[in-house]
Amino acid sequence: MNLIIDVGNTRVKAAVFELNTIKEIFVFKKEEIVFEIEKIIKNFSISATIMSSVSNISEKVVQEISDLLDPIHLNSKTKVPFKNKYKTPETLGVDRIALAAAATKKYPDKNVLIIDAGTCITFDFINNKKEYLGGAISLGLKMRYQALHKFTSKLPLLELTEVAEFIGRDTNTSIHSGIINGVCYEIEGVINQYRSEYGDLTVVLTGGDTYFLAKQLKSGIFAHPNFVLEGLHTVLTYNLTND
């Protein structure tokens with residue numbers, strides 16, 4: 001079995017894969033990572049590991065995990081199953097590298113636009129020649145709520161909720177309408193841009209807000225909430241078989 005470790009800004013997602021299937025997913029706080037990894041390896045026979053981090057973790061923690069598992073640490077120099085044509089590959093987030101790998105495996109010979117709706121909303125495009133071309137980075141839903149509250153003197157900080165109609169009838173519903181409809185129109189617009197340029201297009205939606213946005217969007221999309229984990233596993237198996 002293989003272990004995937006995805007370190008985010010505040011939490012860690014880990015997944016145990018058996019062949020190409022996720023057997024179990026674990027979510028825990030970043031400061032608990034060594035303790036939780038030790039628990040996982042006590043309960044599963046792990047043969048290979050890959051670790052990805054979008055935030056800084058101490059060298060001490062990295063060393064402790066390396067002593068336990070000797071993982072592959074995903075970075076811009078890691079071998080991947082696609083051609084990276086990003087102009088500054090060393091600045092490309094490891095989560096975006098994983099998404100491109102997942103798209104290459106899941107939808108071979110397709111033009112794929114991956115939309116990762118989390119803290120940020122990222123758009124990543126890989127063409128039918130397995131070439132990663134780049135994409136875009138935008139504000140996520142929660143960040144937009146926080147920005148309206150932080151950078152104004154009177155607007156409240158609201159929690160994400162579905163909008164019943166597009167016309168806001170008071171301040172709260174106006175904020176919800178502006179943020180949620182704005183994000184949906186933005187995503188729909190980006191999808192249309194790619195479709196006009198590349199014709200046949202497969203669209204994948206992933207990230208923490210996957211299911212919320214999937215219900216709001218009109219475009220035909222495939223929802224894959226664990227696409228980053230699947231992509232990391234793709235990179236791991238690619239490296240194991242291409243040494």
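In this predicted model, helix 3 (residues 94-106) packs against helix 7 at an angle of about 80°, and their axes are 7 Å apart. Helices here are DSSP runs of H or I with at least four residues, numbered from the N terminus. The axes are lines fitted to C-alpha atoms over the stretch in contact, with angles running from 0 to 180 degrees between N-to-C directions. Helix 3 is therefore roughly perpendicular to helix 7, a label that covers 65 to 115 degrees; angles under 35 degrees count as roughly parallel, over 145 as roughly antiparallel, and the rest as oblique. On the helix 3 side, the contact (heavy atoms within 4.5 Å) is made by Asp 95, Ala 98, Leu 99, Ala 101, Ala 102, Ala 103, Lys 105 and Lys 106, which meet Phe 227, Val 228, Glu 230, Gly 231, Leu 232, Thr 234 and Val 235 of helix 7. Sorted by class, these are nine nonpolar, two polar and four charged residues. In this scheme Ala, Val, Leu, Ile, Met, Phe, Trp, Tyr, Cys and Pro are nonpolar, Asp, Glu, Lys and Arg are charged, and the others, Gly among them, are polar.

Helix 7 (residues 227-241) also holds Asn 239. This residue is buried, with a relative accessible area of 9%; buried means under 20%, exposed over 50%, and partly exposed in between, using a 1.4 Å probe and protein chains only. The side chain of Asn 239 reaches the backbone oxygen of Lys 79 at 2.9 Å. Beyond its neighbours within four places in sequence, Asn 239 touches Ile 72, Thr 78 and Lys 79.

Leu 141, Arg 144, Tyr 145 and Leu 148 of helix 4 make the contact with Ile 175, His 176, Ile 179, Ile 180, Val 183 and Glu 186 of helix 5. This set divides into seven nonpolar, one polar and two charged residues.

Gln 146 is also part of helix 4 and counts as partly exposed, at 37% relative accessibility. Gln 146 and His 73 are separated by 73 residues in sequence and, from C-alpha to C-alpha, by 33 Å in space.

Residues are numbered from 1 along each chain as its sequence is written, and side-chain values use heavy atoms, with hydrogens and water left out. Local features need pLDDT of at least 70 and side-chain atom pairs count only at pLDDT 80 or more, whereas totals for chains, interfaces and linings use all residues.

How values were computed:
Helix = DSSP H or I, 4+ residues; strand = E, 2+ residues; numbered from the N terminus. Polar contact = N/O pair within 3.5 Å; in protein donor to acceptor, adjacent residues only side chain to side chain.
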